Each structure stands twice: as structure tokens, then as C-alpha cells.
Amino acid sequence: MFTGLVECKGRVVWRRRTHGGAAIRIAAPFASELEQGESVSVNGVCQTVVRSDGTAFEVDAVAQTLSVTTMGELVSGGEVNLERALRMGDRLGGHMVAGHVDGVARVLELRSDRNGTRLMLELPTPLLRYVVARGSIAVDGVSLTVAEVAGERVTVALIPETLRATLAGSYRPGIRVNIETDLLARYQEKLIEGRGEASGPPNSDESAGGLTEKRLRELGFMG
């Protein structure tokens, strides 16, 4: 589990094709602190450390990961957003991010004006139902607040620190980025879909997963 608060940018040392996907070596400031088996978010994709030393760590990206994320587009010398997994007791400064990318979006525009900087993205249609204004979304692993949704266009606001510390400052039209929608939205959909399969008696307030409709309304997930 991650927070979407990128710790630093790393740099791809090399990417090599393997029988099951690709092996990727990434230089990172915290590489010496990593142990084999730890999880690291690489551009929003949860990856397992297979090797590490004082300057870099290595991960094995399977074919499925390469097909549904931008991991297959990484090149030597390219930068990536990095975040180590959340530890028990850490502050959750962003939002809950699993590192399980839902799809890839296309950058339409990065616009700066007197009101700040806004990033406009074109999202795959199936993901739009999970995105709402003032909700959360992870773009290349960065926790961002949705400013506006208009058709397939989703706009997020960027502060100067995000532009400086992440890849967002280098985005240009046409670039593809990894998208993870809000976990709570996906769980809510699953709970509602499962209402017809709930084990409780007819007219029971119980829904699949153990959360009641009353409690979902209290949390603001249902009207």
C-alpha cells in the first residue's frame, strides 16, 4: 500500500527483455535501504525488489504488467516516480494507493496561468465511472485531486512542489501515464453489485462485504 506522495525521482539504468517480461534496474537515493522482497511504486506500479545495492535496485516486470502499464516504455536514462511502501504508523498524506494500475491515459495539455497549473488527461472510458470532481486519482503514482470531469477529459490541479518533485513537470501532449482510480470507488461498486447476493434476509440492511447501506450513507458513498 502506498500514499501517492512520491519520495523522489529515480533513473532507469537499463531494461532487458526476459522470457517472462522484463528486468529493470533503477538508480535511487534510497537503494541501499531496500531489502529483497520489498515493494516499491515505480510510476504508480507496485514492483517487488529482487536485488539491490548501494546505488540501484532491480525489479522483474511480468508480461501482464508490461501490457497494461507504461513499464514497457521505459528506456535507459529515463526518469521514474518512486515511493516505498507505507509502513504501519506512517502518516497517510495522500490517499490509499495500491499500485495496481487500472489503465493508461494520454496527456492532452499542461497549462499554467494566473490560477495555477492544470493537467488535462484523456482517460479510457471504462475508468470514468470511478472519477469524480474533488475525488482522488493517482497519475504515475502521484496522488492528485480531480478538479473537473468533462466527457473523457479529466483535469487535475498541480502545485509547484508536485511539478518540481515528480515527472509531472516534464509532461507534454501525447505522453502516456499510468492511472489508478480511487480504491473506495471500486469497492463501493463491488458492494452495490453484490447486494443481490447478500446472505441476509429480504429487506435486510446488510450488503455484501459486511458494510450496511446505512453505514455507506454515513460515509458519504451512497445518496
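Two strands are taken to pair if DSSP finds at least two bridges between them. Strands (E, at least two residues) and helices (H or I, at least four) are DSSP runs numbered from the N terminus. The model is a predicted one, in which local features need pLDDT of at least 70 and side-chain atom pairs count only at pLDDT 80 or more, while totals for chains, interfaces and linings use all residues. Residues are numbered from 1 along each chain as its sequence is written, and side-chain values use heavy atoms, with hydrogens and water left out.

Select strand S4 (residues 45–52) together with strand S5 (residues 56–62); the two pair in the antiparallel sense over three bridges. Within this pairing, Ser52 has Phe57 of S5 as its bridge partner.

**Second stop: charged pairs around Arg25**

The structure holds 11 salt bridges, a salt bridge being a side-chain nitrogen of Lys or Arg within 4 Å of a carboxyl oxygen of Asp or Glu. Display the side chains of Arg25, Arg51, Asp53 and Glu58, which are linked in a network of such bridges. Asp53 and Arg25 meet at 2.6 Å, N to O. Asp53 lies in the loop between S4 and S5 and Arg25 in strand S2 (residues 21–27), so this pair ties together parts that are 28 residues apart in sequence.

Arg25 also forms a salt bridge with Glu58, at 2.9 Å, N to O. Here the link joins distant parts of the chain, with Arg25 in strand S2 and Glu58 in strand S5, 33 residues apart.

Now select Glu33 and Arg84, whose salt bridge has its closest N and O atoms 2.7 Å apart. Glu33 is in the loop between S2 and strand S3 (39–42) and Arg84 in strand S6, 51 residues apart. Glu33 is exposed at 51% relative accessibility, and Arg84 is partly exposed at 24%.

Highlight strand S8 (residues 116–122) and strand S11 (residues 153–158), an antiparallel pair over six bridges; Arg153 in S11 is the bridge partner of Glu122.

Arg134, in the loop between S8 and strand S9 (136–139), has a positive phi of about 75° although it is not a glycine. Asp140, in the loop between S9 and strand S10 (142–150), has a positive phi of about 50° and is likewise not a glycine. Arg134 is exposed, with a relative accessible area of 73%, whereas Asp140 is buried at 3%.

**Fourth stop: the nonpolar cores**

A nonpolar core is a set of buried Ala, Val, Leu, Ile, Met, Phe, Trp, Tyr and Cys residues joined through side-chain atoms within 4.5 Å. Which residues have the most contacts inside the largest core? They are Leu121, Leu123, Ile137, Val139, Tyr171, Val177 and Ile179, in a core of 22 residues. Strand S7 (103–113), S8, S9, S10, S11 and strand S12 (176–181) are the elements that give two or more residues to it. A second, separate core of 19 residues includes Phe30, Leu34, Val40 and Leu74.

Centre the view on Val177. Beyond its neighbours within four places in sequence, its contacts (heavy atoms within 4.5 Å) include Leu121, Val139, Asp140, Tyr171 and Thr70. Thr70 lies in the loop between helix H1 (63–68) and strand S6 (79–84) and is buried at 5% relative accessibility.

**Last stop: the cysteines**

Select Cys8 and Cys46. Cys8 is buried, with a relative accessible area of 14%, and Cys46 is partly exposed at 27%. The structure holds zero disulfides, a disulfide being a pair of cysteine sulfur atoms within 2.5 Å.

Methods:
Buried means under 20% relative accessible area, exposed over 50%, partly exposed in between (1.4 Å probe, protein chains only).
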